[in-house]
Amino acid sequence: MGTIPADFCVDEKMLRIGGRPADALVAEAGDTPLFVYDFDIVASRIRRFRNAFGDVQLHYAIKANTYPPLLTQITKLVDGLDVASGGEMVSAMEAGAGADHISFAGPGKRDDELEAAISAGVTLNCESQGEVERAISIGRRLGRTPRLAVRVNPDFEIKGSGMRMGGGAKPFGVDAERVPALVRTILDQDAEWRGFHIFAGSQALDADALIEAQRATLLLAAKLSEEVGAAPPLVNLGGGFGIPYFGGEQPLDVEKVAAALNEGLERRHDRLRGTRFAIELGRWLVGEAGVYLTRIVDRKTSHGKIFLVTDGGMHHQLAASGNFGQVVRRNYASAIATQLNAPAEEETSIVGCLCTPLDRLADDVMLPKAGPGDLVALFRAGAYGLSASPQAFLGHPPAREMLVGKGL
Ligand SMILES: *Cc1c(COP(=O)(O)O)cnc(C)c1O
């Protein structure tokens, strides 16, 4: 079982989030299931990034969590928002981000999405030559200059346990060797070239793997710029900062990554002297700030095994059920929020209310004895919770969401 994030105090009977008792938060929200996001935790991650990375810009990849009050607060503290659909672009604007601070990546952008982005002045991180051509012709039709960056499909990939060479065939980005010709097309047409977007992977906890990937990314950006014969205004170096979800995982040493990047930037190729650099992060900023609170509806025993059945489940928190990209199911950290400091004396399994064996929230965990009425907390629910779960499946009510934090 994963450990509870250090941001939460476990010495009290009732879990507190943002300093407030879980049962009071549920009462204020009206009911369970409820996602609570502590903005102080998000703000502390942003401060830590700023202290470590100096001039490197920080972008928030909003697909991790688009809850509007949270997005509005984050927008005030970061340099840009990265979106991956027309809908997310609207969310970013509603959160107060100016078009200058939004970039739009993602394969399969429809013409109406390109049109909306070009009309607004949002940067498109183009994923193919065809997309560049469509954007240029839409820009001509609208009488607007499209702002185009090229997403590069690099020949390397970060993995948790080290960097894997040979990125290979992907639906994302343009293969590196085709990039210079495509950038020249942009420069020769009625378009503004905004730079490169080079994303090499996600959920890395190994600082050395990230350092290696960022080093390779800087070299690739320099090589491509040389071949183009022009300097990119911005290089988005990707992100990939992970958080430790499971027992035995160690948090990422962000300061080590920053020290290596800052040194690499000082020694960067002359062609990139005037270029700005950005890192785009999702889960590292918001993942540990979120707690998913559900209430135990039933307690039952089957063949000697105790099941706590909750009113939540994988329709809100798919990732905790193990069905969002995990190969082997492992438990997210969980607790009985209403008996937080009681001794763990019982092996139980926490399940959701969906009528499918996939809906498991915590298997065979040692917890205090709990029953109907108690609240269950699932931690690290701030990223890819509600934004990545099949809410419509089985017709249960939607989850509620709430933003807390003393600094709000
Ligand atoms: C999903 C995504 C991110 C964010 O990933 P995290 O693991 O949440 O940090 C950043 N950039 C791109 C291009 C993405 O697709």
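Is E263 buried, partly exposed or exposed? In this predicted model, E263 is partly exposed, because its relative accessible area of 44% falls between the 20% and 50% cut-offs. The side chain of E263 meets that of R267 in a salt bridge, with 3.3 Å from N to O, and R267, at 61% relative accessibility, counts as exposed.

That pair leads on to the other charged contacts of the structure. Side chains of opposite charge can pair when their charged atoms come close. A search of the whole structure finds 28 salt bridges, and one of them joins E12 to R16, whose closest N and O atoms are 3.2 Å apart. E12 is partly exposed, with a relative accessible area of 30%, and R16 likewise counts as partly exposed, at 35%. Another salt bridge is formed by R48 and E255, with 2.9 Å between the closest N and O atoms; this pair links distant parts of the chain, since R48 belongs to helix α2 (residues 39–53) and E255 to helix α9 (residues 254–266), 207 residues apart. R48 has a relative accessibility of 32% and counts as partly exposed, as does E255 with a relative accessible area of 36%. Salt bridges also link D7, R45, E288 and R380 in a network.

From these pairs the reader can turn to the ligand, which is surrounded by A61, K63, R151, H197, F199, S202, E280, L281, G282, R283 and Y384. The residues of this shell divide into 4 nonpolar, 3 polar and 4 charged. A nitrogen atom of the ligand lies 2.9 Å from an N or O atom in the side chain of E280, while an oxygen atom of the ligand is 2.9 Å from a polar backbone atom of G282. At Y384, an N or O atom of the side chain is 2.5 Å from an oxygen atom of the ligand. Taken alone, the ligand exposes 390 Å², of which the protein buries 89%.

Helix α8 covers residues 207–228, and its 22 residues reach 31 Å from the first C-alpha to the last, close to the 32 Å expected at 1.5 Å a residue. The N-terminal end of α8 is capped by D206, a side-chain oxygen of which lies 3.0 Å from the backbone nitrogen of D208, and α8 is followed by G229, whose phi is positive, near 85°.

N331 counts as buried because its relative accessible area is 12%, under the 20% cut-off. The side chain of N331 makes a polar contact of 2.7 Å with that of R329, and a polar atom of the N331 side chain also lies 2.7 Å from the backbone nitrogen of D363.

Methods:
Residues numbered from 1 in each chain as written. Predicted model: local features only at pLDDT ≥ 70, side-chain atom pairs only at ≥ 80, totals over all residues. Heavy atoms only, no water. Near = heavy atom within 4 Å. Polar contact = N/O pair within 3.5 Å; in protein donor to acceptor, adjacent residues only side chain to side chain. Areas by Shrake-Rupley, 256 points an atom, 1.4 Å probe, with all protein chains shown as cover. Nonpolar A, V, L, I, M, F, W, Y, C, P; charged D, E, K, R; others polar. Helix = DSSP H or I, 4+ residues; strand = E, 2+ residues; numbered from the N terminus. Expected span 1.5 Å × (residues − 1). Buried < 20%, exposed > 50% of the residue type's maximum accessible area, 1.4 Å probe, protein only. Salt bridge = Lys/Arg side-chain N within 4 Å of Asp/Glu carboxyl O.
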